[in-house]
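Take a look at the chain below.

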Amino acid sequence: MLPNAGVYYFPWEINSSVPEGEALRTFGRLCCYDLARSEAVLTAQHHTTQYRVCVDTKFVEPFQAQLGSLYMVLGEVEHREGEGPVVKARILTCVEGMNVPLLERAIQEQRKYFNERQERMGKSTS
């Protein structure tokens with residue numbers, strides 16, 4: 001059986017309330033990569049706050065880390081003691097040149113569509 005496709009989360013939405021093991025997709029700029037620890041950190045700006053997403057890269061190595069480039073990650077959330085959530089990457093892709101505001105708008109539209117579809121399905125079963 002295939003794993004779930006992964007729900008899009010904005011980097012500022014990834015916190016301890018995201019369930020352990022949930023498949024997710026997110027994005028950010030690669031600010032640092034530690035090959036010895038198999039860890040990368042993606043950052044994203046939202047309003048005036050800089051958000052960081054820790055990514056476990058064991059399953060996607062070796063990869064060409066391009067610091068400062070935009071990356072998209074698909075993986076599962078793992079909560080580590082004292083560190084907060086970590087995304088265990090299954091796919092880590094450089095998407096430099098992607099229009100981030102357009103991606104954010106597309107994610108919002110997708111969420112809106114799924115919510116409307118869920119409401120319609122709920123009404124049809126009543």
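## Aromatic rings

Which residues do ring pairs link into a cluster? They are Phe10, Trp12, Phe27 and Tyr51. Keep in mind that this is a predicted model.

The structure holds 6 aromatic pairs. In one of them, the ring centres of Phe10 and Trp12 lie 4.9 Å apart, with the planes at 5°, so this pair is stacked. Phe10 and Trp12 are both buried. Phe63 and Tyr71 form an edge-to-face pair, because their planes stand at 75°, over the 60 degrees required. Their ring centres are 6.2 Å apart. Phe63 is buried, and Tyr71 is buried too.

## Nonpolar cores

The largest nonpolar core has 17 residues. Those touching the most other members are Leu24, Leu42, Val53, Val55, Tyr71, Val73 and Leu92. Strands E2, E3, E4, E5 and E6 each supply at least two residues of this core. A second, separate core has 10 residues, including Tyr8, Trp12, Val95 and Ile107.

Leaving aside residues up to four places away in sequence, Leu42 touches Phe27, Tyr51, Val53, Val55, Tyr71 and Val73, among others.

## Glu39

Glu39 is found in strand E3. Is Glu39 buried or exposed? Its relative accessibility is 13%, which is under the 20% cut-off, so Glu39 counts as buried.

What joins the side chains of Glu39 and Arg80? A polar contact of 3.3 Å does. Beyond residues up to four places away in sequence, Glu39 also touches others, including Cys32, Tyr33, Asp34 and Glu83.

Definitions and conventions:
Residues numbered from 1 in each chain as written. Predicted model: local features only at pLDDT ≥ 70, side-chain atom pairs only at ≥ 80, totals over all residues. Heavy atoms only, no water. Core = buried A, V, L, I, M, F, W, Y, C linked by side-chain atoms within 4.5 Å. Buried < 20%, exposed > 50% of the residue type's maximum accessible area, 1.4 Å probe, protein only. Helix = DSSP H or I, 4+ residues; strand = E, 2+ residues; numbered from the N terminus. Contact = heavy atoms within 4.5 Å. Polar contact = N/O pair within 3.5 Å; in protein donor to acceptor, adjacent residues only side chain to side chain. Phe/Tyr/Trp six-rings, centres within 6.5 Å; stacked < 30°, edge-to-face > 60°.
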